[in-house]
Amino acid sequence: MKQAAAGKFPLSLIESLLNLLFPPKCPVCKAIVEHKGDFCENCLKKLSKVRFLKTMSKDVRQIVSVAPYEGGVRELIIDIKFNKRKEKASSARNLLNEYDSAIPAYPKGIQAVYVPISKKRLRERGFNQVELIFKDWLKMRNIEVLGALVRIKDTKPQFKLSPKERKANIDGAFEVLGDARGKDILLLDDIFTTGATVYECAKTLKEHGANDIFVLTLSSNK
Ligand SMILES: [Zn+2]
């Protein structure tokens with residue numbers, strides 16, 4: 001079987017042995033792949049549809065989604081977020097690397113902000129999944145992390161709420177810590193649905209003097 005990531009880096013002896021015992025599988029179709037976290041070539045082709053989404057906020061200049069929130073990508077995000085399968089983030093990272101050329105170029109000097117999770121959820125989960133997913137890609141693109149936003153309100157999970165409830169739930173949830181003044185910001189998230197969360201982040205950043213705000217999300221159901 002051919003794999004998308006084959007030939008990128010050689011397998012170590014230990015990895016080769018482990019692969020014999022526990023063959024790494026494509027997270028979508030379970031075909032055997034070379035490296036843990038790889039998608040098989042077929043699934044990779046089908047999965048990623050880098051798309052521009054319509055922005056419904058005057059504070060957000062552009063929204064790009066890497067893959068539809070369905071099938072393998074949906075399972076992946078649920079595993080990382082709710083089943084705390086931290087190691088699954090490597091599949092998400094592969095997706096970003098593989099489709100990097102379809103993700104737009106951003107203005108020079110743009111700085112990244114992860115959509116923050118609350119302290120409570122950070123304690124429960126142990127990590128911010130958005131950071132896990134995007135940190136390598138940001139390094140590759142030479143984009144610095146500003147880390148300007150914190151979540152000051154423990155909100156209910158957005159997916160349980162109606163669009164109207166989502167807006168009220170997230171209202172005033174964020175505060176800016178760092179200095180966003182005059183900066184272009186790349187706001188990163190794992191899922192884009194109604195956009196209530198990123199629009200609220202963008203509004204808060206704009207109130208603190210941010211320049212242009214771009215959104216990049218791993219997945220979207222839009
Ligand atoms: Zn597959």
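**Reading the domains, a helix and a strand**

Mentor: The protein is divided into domain 1 (1–47) and domain 2 (48–220), with bounds that come from an automatic or database domain assignment. This is a predicted model, in which local features need pLDDT of at least 70 and side-chain atom pairs count only at pLDDT 80 or more, while totals for chains, interfaces and linings use all residues. Residues are numbered from 1 along each chain as its sequence is written.

Trainee: How many residues of domain 1 are in contact with domain 2?

Mentor: Two residues are in contact if their C-beta atoms, placed from the backbone, lie within 7 Å. Here eleven residues of domain 1 are in contact with twelve residues of domain 2, and the centres of domain 1 and domain 2, taken over C-alpha atoms, are separated by 27 Å.

Trainee: Which residues are buried in helix H3?

Mentor: A residue is buried if 20 or more other C-beta atoms lie within 10 Å of its own, exposed if 12 or fewer, and partly exposed in between, with C-beta atoms placed from the backbone. Helices (H or I, at least four residues) and strands (E, at least two) are DSSP runs, numbered from the N terminus. In H3 (residues 71–81), the buried residues are Gly72, Val73, Leu76, Ile77 and Ile80. Seen down the axis of H3, these buried residues fall within an arc of 130 degrees, so they line one face of the helix; the arc is that of the directions from the helix axis to the C-beta atoms.

Trainee: What do the buried residues of H3 pack against?

Mentor: Their partners include helix H2 (41–47), helix H4 (89–98) and strand E7 (185–192).

Trainee: How is E7 paired with E8?

Mentor: Two strands pair if DSSP finds at least two bridges between them. E7 and E8 pair in the parallel sense over seven bridges, and isoleucine 191 stands opposite serine 219 in E8. Strand E3 (residues 111–114) and E7 also pair in the parallel sense, over four bridges, and tyrosine 114 has leucine 188 in E7 as its bridge partner. As for cover, eight of the eight residues of E7 are buried.

Trainee: Is isoleucine 152 buried, exposed or partly exposed, and where is it found?

Mentor: Isoleucine 152 is partly exposed, with 13 other C-beta atoms within 10 Å, and is found in the loop between strand E5 (149–151) and helix H7 (163–170). Not counting residues up to four places away in sequence, isoleucine 152 touches Ala173, Phe174 and Glu175.
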